[in-house]
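Please read it alongside the sequence and the model.

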Amino acid sequence: MYNEIDLDIIDINSEPPTEEPFRQYYFMAKCRRWVKDFEQKNGRLPKSFVLNMGCQMNARDSEKLIGILINIGYEMAENEGQADFVILNTCTVRDNANQKVYGRLGELNGYKRHHPNMIIALCGCMMQEQAVIEKLQKSYSFINLIFGTHNIFKFPELLNTVYETKSARNQMVIDIWKDTDKIVEELPIERKYPFKSGINIMFGCNNFCSYCIVPYVRGRERSRKPEEIIQEIKGLVEDGVVEVMLLGQNVNSYGKTLDKPVSFAELLREVEKIQGLKRIRFMTSHPKDLSDELIEVMKQSHKICRHLHLPLQSGSTQILTQMNRRYTKEQYVELALRIRKEIPDIAITTDIIVGFPGESREDLEETLDVVRTVKFDNAFTFIYSKRTGTPAAVMENQAPEDQIKEGFDRLLRLVQETARQQISKYQGSIMEALIEEINENDQTMVTGRLSNNTIVHLPGDASLIGKLVQVSLDECKGFYYLGHSVS
Ligand code: 5AD
Ligand code: SF4
């Protein structure tokens, strides 16, 4: 594995290699020298803190950053206040995500006044917006490093530049790429959980839903080769992983742009064959690309979890057209009900936006109707947020705020009611759970996850973590279960 490249044998006085990922290992070796200098001066290793502020893709990127930091010698701090180096891994899908970043920056500025050598870095989707960079340059000069989503692999090289230029005050290192067709993997990764892992199978998105900023900040869709993905998963399994989550903005269009095109269903068939791997999850599925072949593969599989996240966004065909989603209300409902019929124990979850420009009370009724018909097992509901640069940002006729709020509350109540009904169906049955952690509030309990993604708490200790356990689902508490092990 590349993780095992010994940084100490790299000659940092030679020219850096041009080929990736070797170039980054060279810069990791250089950064390690800075870390050692710090240790000599301070009598301790420097500490870093990486704050993940976004989705699963973002979380996976954070694991990559942490892997690199640990490799060059950093220890991990529990919070920003204790850290010598802080990275905010940002999100920009809704405006409140951006506001959170500015809030955090205010706090970091306070810490930095007491700890002037603190290094502050920002990366992630929000950094791909030109207006954001301009604002940060103008008003947040205490930031040391800014990079984006396309060049995250270049983190060691950029960090080395920060170290080399740090003596110059107010020097902000900024490196943002507009897009890329590059995929650089095989750098160190520090997994949050030893027994489960995300895997990027593709990057970017070509769908251009009219409200969404992702295609602008994550770039064009590009898939990793199936053999690379399989090799990575095999490596993870050897390392103790039993559950993988295949990650992409739209996994259903996986493989279309490869030299030798492969479908997502075909990839899943190959992943299924990996010995020792127990569970497969994936995220996210665009309804327009969900194939019959995928339903068949899921149905036959013993490893693919009984959970499908299928974003609806709106139940009104007219709004769906404005959103550029490329399916109708009827097509969505037909698909979801067919999946439920084919795979009866599946949980279907979704994302819904309320308040898209032009959405009327009747449109909202259509959405509520879909929720009642499909009976989602869970739904993430969002109030539409205008993202500059997206086609919807210039659409007019947004409903008044109080109407949107009222619609949102009605939707939330309905979604909670259907989710409760769906989840409670399993009361009294025995299902398999992967035990993930000690319960936060009660140290005599552990928390596990069922194949259908429902959480269950049961008596147990740390020896169960990472194990698959048969659990009796004794009491449904709304969105989770209390149970006990019958293994
Ligand atoms: N406003 C509100 N919600 C949004 N999402 C994406 N863009 C926006 C926006 N501009 C939601 C969608 C998507 C989820 C990840 O975030 O529902 O599926
Ligand atoms: Fe955004 Fe649509 Fe792509 Fe999802 S499929 S990331 S909502 S553009």
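A residue counts as exposed when its relative accessible area is over 50%, as buried when that area is under 20%, and as partly exposed in between. By this criterion Pro-116, with a relative accessible area of 57%, is exposed. The structure is a predicted model, and the points below are grouped by topic.

**Ligand 1**

- The shell around ligand 1 consists of Val-93, Arg-94, Tyr-211, Gln-313, Asp-351, Ile-353, Phe-382, Ile-383, Tyr-384, Ser-385 and Arg-387.
- By residue class, this shell around ligand 1 contains 6 nonpolar, 2 polar and 3 charged residues.
- Two strands, β13 (347-354) and β14 (378-383), each contribute at least two residues to the shell around ligand 1.
- An oxygen atom of ligand 1 has a polar side-chain atom of Arg-94 at 2.8 Å.
- A polar side-chain atom of Gln-313 is 2.7 Å from an oxygen atom of ligand 1.
- A polar backbone atom of Tyr-211 lies 3.0 Å from a nitrogen atom of ligand 1.
- On its own, ligand 1 has 400 Å² of accessible area, of which the protein covers 85%.

**Helix α8**

- Helix α8 spans residues 264-272, and its buried residues are Phe-264, Ala-265, Leu-267, Leu-268, Val-271 and Glu-272.
- Viewed down the axis of α8, the buried residues fall within an arc of 155 degrees, so they line one face of the helix.
- The elements covering the buried residues of α8 include α7 (226-238), β10 (243-247), β11 (279-283) and α9 (292-300).

**Asn-89**

- Asn-89 is part of strand β3, which runs over residues 85-90.
- Its relative accessible area is 1%, so Asn-89 is buried.
- The side chain of Asn-89 lies 3.0 Å from the backbone oxygen of Asn-58.
- A polar contact of 3.0 Å links the side chains of Asn-89 and Ser-62.
- Apart from neighbours within four places in sequence, Asn-89 contacts Leu-51, Asn-52, Met-53, Gly-54, Asn-58, Asp-61, Ser-62, Cys-123 and Gly-124.

**Backbone geometry**

- The peptide bond between Glu-20 and Pro-21 is cis, with omega about 5 degrees; Pro-21 lies in the segment before α1 (22-42).
- A cis peptide bond also runs from Met-283 to Thr-284, with omega near 0 degrees, and Thr-284 is located in the loop between β11 and α9.
- Asn-324 is not a glycine, yet it has a positive phi of about 60 degrees.
- Asn-324 sits in the loop between α10 (317-322) and α11 (329-342), where it is partly exposed at a relative accessible area of 28%.
- Arg-326, likewise a residue other than glycine, has a positive phi near 65 degrees.
- Arg-326 lies in the loop between α10 and α11 and is partly exposed, with 48% relative accessibility.

**Loop residues and contacts across the chain**

- Pro-116 is located in the loop between α3 (95-114) and β4 (119-124).
- In sequence, Pro-116 and Asp-84 are 32 residues apart, and their C-alpha atoms are 9.5 Å apart in space.
- Ser-210 occupies the loop between β8 (202-203) and α6 (214-218).
- With a relative accessible area of 3%, Ser-210 is buried.
- Ser-210 and Arg-325 are 115 residues apart along the chain, with a C-alpha separation of 8.3 Å.
- Beyond its neighbours within four places in sequence, Ser-210 is in contact with Gln-322, Met-323, Asn-324, Phe-356, Thr-390, Pro-391, Ala-392 and Met-395.
- Asn-324, which has the positive phi of about 60 degrees, is thus one of the contacts of the buried residue Ser-210.

How values were computed:
Residues are numbered from 1 along each chain as its sequence is written. Chains are lettered from A and ligands numbered from 1 in the order in which they are written. This is a predicted model: local features need pLDDT of at least 70, side-chain atom pairs count only at pLDDT 80 or more; totals for chains, interfaces and linings use all residues. Side-chain values use heavy atoms; hydrogens and water are left out. Buried means under 20% relative accessible area, exposed over 50%, partly exposed in between (1.4 Å probe, protein chains only). Helices (H or I, at least four residues) and strands (E, at least two) are DSSP runs, numbered from the N terminus. The arc is that of the directions from the helix axis to the C-beta atoms. Contact means heavy atoms within 4.5 Å. A polar contact is a pair of N or O atoms within 3.5 Å; within protein, one must be able to donate a hydrogen and the other to accept it, and residues adjacent in sequence count only if both atoms are side-chain atoms. A residue is near a molecule or strand if one of its heavy atoms lies within 4 Å of it. Accessible areas come from the Shrake-Rupley method with a 1.4 Å probe; for residues, only the protein chains shown count as cover. Ala, Val, Leu, Ile, Met, Phe, Trp, Tyr, Cys and Pro count as nonpolar, Asp, Glu, Lys and Arg as charged, and the others, Gly among them, as polar.
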